[in-house]
Amino acid sequence: MSARIEHVVTSGTFSLDGGTWDVDNNVWLVGDDCEVLVIDPSHNAEAVLGVIGDRVVTALVCTHGHDDHINAVAEVADKVGAPILIHSADRALWTAVYPDREPDVWLTDGATLTVAGTTLEVISTPGHTYGAISLYAPELGAVFTGDTLFQGGPGATGRSYSHFPTIIESIRERLLTLPPETTVHTGHGPTTTIGAEVPQLDDWIRRGA
Ligand SMILES: [Fe+2]
């Protein structure tokens with residue numbers, strides 16, 4: 001059985017630098033009827049657990065350490081007994097939410113994860129945060145970009161732990177170089193494709209952070 005992609009939207013808040021905003025987050029699941037990998041379980045552990053069902057969870061991957069992407073991961077991990085993975089450059093953001101808990105695995109560029117017979121490659125895409133990653137699933141023709149690349153532009157870089165030139169370099173060198181037909185599943189809002197975003201790069205650079 002081949003792997004498939006599932007999706008649930010959860011709602012909550014994002015807080016950083018003294019501000020708090022209402023947000024809807026995309027939680028992505030890659031797997032089959034037996035096992036599943038979950039990306040950014042946020043806000044509502046019950047909703048995520050409902051989509052997981054009775055399947056084995058192989059990994060809980062955080063695309064970055066912003067609280068709206070990691071605030072349900074510990075509860076889900078405890079319920080299903082799965083490891084939590086996040087890039088070490090987001091340690092400060094992780095610790096702000098979970099001061100008494102370490103993730104199980106610190107991710108690095110080029111690491112590969114397998115679930116349901118398909119491979120996901122960790123692509124380091126810093127800029128939105130220092131430790132932001134994307135997950136590329138070549139056999140599925142999909143990349144999960146967290147808050148690095150949305151439909152219509154890069155993720156926000158106006159707050160702490162962000163850097164606009166770095167996110168542009170990540171997008172240009174690591175994401176827009178993927179096959180144009182690659183589906184881009186984002187951390188918030190609609191899905192897009194690499195080919196749809198490529199022509200906009202110069203506009204984003206002109207527009208700035
Ligand atoms: Fe974010």
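Start by selecting helices H1 and H3: their crossing is right-handed (the near helix is turned clockwise from the far one by less than a right angle; helices are DSSP runs of at least four residues, H or I, and strands, E, of at least two, numbered from the N terminus). You're looking at a predicted model, where local features need pLDDT of at least 70, side-chain atom pairs need 80 or more, and totals for chains, interfaces and linings use all residues. Residues count from 1 along each chain as its sequence is written, and side-chain values use heavy atoms, leaving out hydrogens and water.

Now zoom in on the contact (heavy atoms within 4.5 Å). From H1, show Ala 45, Glu 46, Val 48, Leu 49 and Ile 52; across from them in H3 sit Glu 75, Val 76, Lys 79 and Val 80.

Next, go to the iron ion. Which atoms are its protein donors? Pick His 64 (NE2), His 66 (ND1), His 128 (NE2) and Asp 147 (OD), lying 2.2 Å from the iron (donors are N, O and S atoms within 2.8 Å of the metal, or 3.2 Å for Na, K and Ca). Along the chain, their spacing reads H-x1-H-x61-H-x18-D.
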